[in-house]
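Here's a quick briefing for anyone meeting this structure for the first time. Have a look around before reading on.

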Amino acid sequence: MFKRLDVRSKNQIGLYIHIPFCKQKCYYCDFPSYPYMEEYWGAYTEALVSELVLKAEEYNGPDIGTIFIGGGTPSLIPSEYISRILETVYKHYKVSRDCEATIESNPGTLTDEKLKQYKESGINRLSIGLQACQDDILEKLGRIHTFKDFTFTLNLAQKHGFVDINADIIFGIPNQTLAQWKDTVSKVITFELTHISCYSMKIEEDTVFGRLKSAGQLEEIEDELDRDMYHYAADAFYKAGFYQYEISNFSKPHFRCRHNMNYWERGEYIGTGAGAHSFIRNRRFANTADVPEYIKGIREKKPVLSEDNCLSVDDGIKESMILGLRLKEGIDLAKLSRELGVDLENKYHKKLNKLLSQNLVEREGSVLRLTSKGMDLANMVWIEFI
Ligand code: SF4
């Protein structure tokens with residue numbers, strides 16, 4: 001297995017490119033993604049290309065250190081569109097030579113031709129949405145694939161030379177048993193993966209699951225079972241050589257996702273596409289998630305923003321605390337105080353003492369990090385900094 005550098009340079013920024021199309025909508029999904037809309041794929045790609053050119057002109061900053069093509073299901077659309085998007089990036093931005101370039105995919109949507117073209121376009125990291133290893137659970141989630149489709153896709157990607165591969169899995173699914181979850185975890189660690197993202201399911205209102213829950217037809221699993229699942233996975237991943245570097249993310253040495261590290265370290269990033277968020281020069285802004293509105297706005301050179309906020313110093317401090325504490329390594333209060341120009345020990349004196357006495361955080365010199373209990377009850381920690 002090749003080694004790579006997964007330490008993010010502070011002088012680089014991230015570029016996020018959103019492809020909002022999926023084969024069908026999963027029953028738990030509240031991301032900005034839409035089933036098929038094939039008639040928009042071409043026009044959407046052209047709008048993305050225009051937005052990328054426009055943002056390159058507006059943003060004359062550090063090199064792009066990471067590219068993340070997320071969705072939706074970016075692997076659903078023809079790979080020529082992905083190549084066209086990436087050609088635009090390389091032409092109009094300064095892209096670092098060691099750029100981490102990820103594409104998200106779903107089993108059943110990748111082919112030899114697509115993977116070949118991704119490689120040629122500079123993509124060096126693949127993220128595959130697996131979610132579970134039991135076909136009946138996948139069906140209940142509204143997923144488009146079977147477990148066999150996943151193994152087929154993984155083998156195909158490896159055949160094309162992809163090494164840095166992530167699998168997304170999810171636990172706390174209504175009616176999921178601990179035995180089923182253990183089966184998923186034990187299968188996942190047998191694959192040649194460099195990264196595993198492991199999320200606890202939250203039932204969101206505007207989803208099929210959310211509506212079933214409101215109608216009293218679906219129940220979330222007990223918190224205790226949810227935590228047992230989390231601990232089981234964290235332990236199994238550790239034994240299999242995966243380092244937990246964030247609440248929900250585990251990687252083999254040197255394979256942390258640099259793009260996401262940039263989010264948690266409050267680095268800058270440019271977001272393009274419908275619903276994409278950007279964080280540039282202390283300003284957070286987002287495009288409309290409405291695809292036709294996004295295409296029309298870009299074509300007519302009109303603003304397509306749905307949110308635009310300039311952050312105050314206090315907002316920045318809160319974000320740094322909440323995002324930084326997601327990382328297993330925690331935050332260095334002395335270093336962060338210098339960067340932010342605020343004495344954080346002093347500012348949060350009482351709150352830190354309270355969290356320490358509750359065993360939700362721990363100290364090692366000036367480093368503050370979540371305890372194992374804090375990882376379970378992270379919301380109780382965040383609330384102190386909101
Ligand atoms: S594939 Fe992902 S983005 Fe698409 S509907 Fe399912 S969960 Fe949402």
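Helices (H or I, at least four residues) and strands (E, at least two) are taken here as DSSP runs, with numbers that count from the N terminus. Keep in mind that this is a predicted model. The chain splits into two parts, domain 1 (12–264) and domain 2 (313–385).

**How the domains meet**

- Most residues other than glycine have a negative phi, and most peptide bonds are trans.
- Gly71 and Gly72 are joined by a cis peptide bond, with omega at about 20 degrees.
- You'll find Gly72 in the loop between strand S4 (63–71) and helix H2 (79–92).

**Two residues with positive phi**
- Arg266, which isn't a glycine, has a positive phi near 60 degrees.
- Arg266 belongs to the loop that runs between helix H9 (258–264) and strand S11 (269–272).
- Because 18 other C-beta atoms lie within 10 Å, Arg266 counts as partly exposed.
- Asn282, also not a glycine, has a positive phi near 65 degrees.
- Look for Asn282 in the loop between strand S12 (277–280) and strand S13 (283–287).
- Asn282 has 14 other C-beta atoms within 10 Å, so Asn282 is partly exposed.

Key: Residues are numbered from 1 along each chain as its sequence is written. This is a predicted model: local features need pLDDT of at least 70, side-chain atom pairs count only at pLDDT 80 or more; totals for chains, interfaces and linings use all residues. Domain bounds come from an automatic or database domain assignment. A residue is buried if 20 or more other C-beta atoms lie within 10 Å of its own, exposed if 12 or fewer, and partly exposed in between; C-beta atoms are placed from the backbone.
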